[in-house]
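Work through the following exercises with the model open beside you, and try each task before you read its solution.

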Amino acid sequence: MAVLVGVGVYFALRQRRSEGLRRRFGPEYDRAVDETGNREKAETVLEQRRRRIERLNIRPLTRRDSARYSDEWHAIQTRFVDDPAGAITEADRLVGEVMSARGYPVTDFNQRTADISVDHPRVVENYRAAHAIAQRHAQGQANTEDLRQAMIHYRALFMDLIGDSPTTHMPHAA
């Protein structure tokens with residue numbers, strides 16, 4: 001009888017853990033499951049991400065920094081009309097700068113996306129999509145509409161990072 005109770009408790013705790021991770025990571029949970037091919041492995045990866053972020057000194061921006069970054073973002077958006085490629089480069093740079101100011105390490109792109117997926121799971125896919133478009137552009141394979149989509153994706157992450165407003169997941173460009 002004690003074994004059955006123990007097994008029941010074990011499965012209840014696993015289910016509770018899974019539900020908590022699914023709530024916290026949203027679409028990133030499903031992405032992790034797809035990437036690992038296994039729910040348990042995915043949950044281990046997500047838990048490792050969460051623990052890593054807890055060890056970092058992630059902090060909100062000051063009002064002053066938030067206003068300064070917002071002004072800079074507005075200038076980049078305005079620049080897009082005349083120089084879409086330059087604006088995308090600047091948007092990527094500014095997102096990285098804001099991430100750094102918040103305390104996120106900004107080394108390898110995959111690590112950056114893993115790190116921000118912990119606190120910004122609803123917009124991390126936007127970052128991946130924008131980065132992919134920027135890479136295609138660097139290879140001469142992106143048009144102005146692609147760059148416009150990248151700008152939208154960068155904006156979603158930027159707004160979430162500065163805490164300007166809640167964002168919703170925006171589908172990534174094909």
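Helices (H or I, at least four residues) and strands (E, at least two) are DSSP runs, numbered from the N terminus. The model is a predicted one, in which local features need pLDDT of at least 70 and side-chain atom pairs count only at pLDDT 80 or more, while totals for chains, interfaces and linings use all residues. Residues are numbered from 1 along each chain as its sequence is written, and side-chain values use heavy atoms, with hydrogens and water left out.

**Exercise 1.** Determine which pattern the protein follows along the sequence.

Solution. Counting the elements gives eight helices and zero strands, and reading along the sequence then gives the pattern α-α-α-α-α-α-α-α.

**Exercise 2.** Describe how helix α4 and helix α5 pack.

Solution. Begin with the axes, which are lines fitted to C-alpha atoms, for helices over the stretch in contact, with angles running from 0 to 180 degrees between N-to-C directions. Those of α4 (residues 63-80) and α5 (residues 84-102) lie 8 Å apart, at an angle of about 165 degrees. Angles over 145 degrees count as roughly antiparallel, and α4 and α5 are therefore roughly antiparallel to each other. Next, look at the contact itself, meaning heavy atoms within 4.5 Å: residues of α4 including W73 and I76 meet residues of α5 including L94 and V98.

**Exercise 3.** Describe how α5 and α7 cross, and name the residues that make the contact.

Solution. The axes of α5 and α7 come within 11 Å and cross at roughly 140 degrees. Angles under 35 degrees count as roughly parallel, over 145 as roughly antiparallel, 65 to 115 as roughly perpendicular and the rest as oblique, which makes α5 oblique to α7. The contact is made by A85, I88, D92, V95 and M99 on the α5 side, and by Y127, A134 and H137 on the α7 side.

**Exercise 4.** Find which residues have the most contacts inside the largest nonpolar core, and which helix gives the most to this core.

Solution. A nonpolar core is a set of buried Ala, Val, Leu, Ile, Met, Phe, Trp, Tyr and Cys residues joined through side-chain atoms within 4.5 Å, where buried means under 20% relative accessible area (1.4 Å probe, protein chains only). The largest such core has 38 residues, and V95, V98, Y127, Y154 and F158 have the most contacts inside it. The helix that gives the most to this core is α8, with nine residues. Finally, take V95 and leave aside its neighbours within four places in sequence: V95 is in contact with Y127, Y154, L157, F158 and L161.

Conventions
Buried means under 20% relative accessible area, exposed over 50%, partly exposed in between (1.4 Å probe, protein chains only).
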